[in-house]
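Biologist: I am new to this structure, so please take me through the terms with care, setting each value against its definition.

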Amino acid sequence: IATKRVGGAVQRNRARRLIREALRAVASRVMPDWDLVFIAQPALLAGKAGLQDAQDEVVWLLNKARAIQPG
């Protein structure tokens, strides 16, 4: 989810694409039967944040929720 707080349509779509691609990299390790909702924050697009930063955050959040299989 990316609300108008993230920015205009272009920024919101970029935030969605970053989160989607970051999750795609670890999707095989996510526990089955989990429904996940990620809410994009304006800081995701601030500065030089890129795909690697988004992947690190997604992995950290999944670990915190214990929704990722070790490995």
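Biologist: Which helix gives the largest share of the lining of the largest pocket?

Modeller: Helix H2 (residues 51-64) does, with five residues, a helix being a DSSP run of H or I of at least four residues, numbered from the N terminus. This is a predicted model, in which local features need pLDDT of at least 70 and side-chain atom pairs 80 or more, while totals for linings use all residues. Residues are numbered from 1 along each chain, and side-chain values use heavy atoms, without hydrogens and water.

Biologist: Why is the bond between glutamate 21 and arginine 24 called a salt bridge?

Modeller: The term asks for a side-chain nitrogen of Lys or Arg within 4 Å of a carboxyl oxygen of Asp or Glu; here the closest N and O atoms are 2.7 Å apart, so the pair qualifies. The structure holds one salt bridge.

Biologist: How are glutamate 21 and arginine 24 placed in helix H1?

Modeller: They are separated by about one helical turn, because they are three residues apart in helix H1.

Biologist: What makes arginine 24 count as exposed, and glutamate 21 as partly exposed?

Modeller: Exposed means over 50% relative accessible area, buried under 20%, and partly exposed in between, with a 1.4 Å probe and protein chains only. Arginine 24 has 52% relative accessibility and therefore counts as exposed, whereas glutamate 21, at 33%, counts as partly exposed.

Biologist: What does alanine 40 touch?

Modeller: With contact meaning heavy atoms within 4.5 Å, alanine 40 touches Ile1, Ala2, Val6, Ala15 and Ile19, leaving aside residues up to four places away in sequence.

Key: Helix = DSSP H or I, 4+ residues; strand = E, 2+ residues; numbered from the N terminus.
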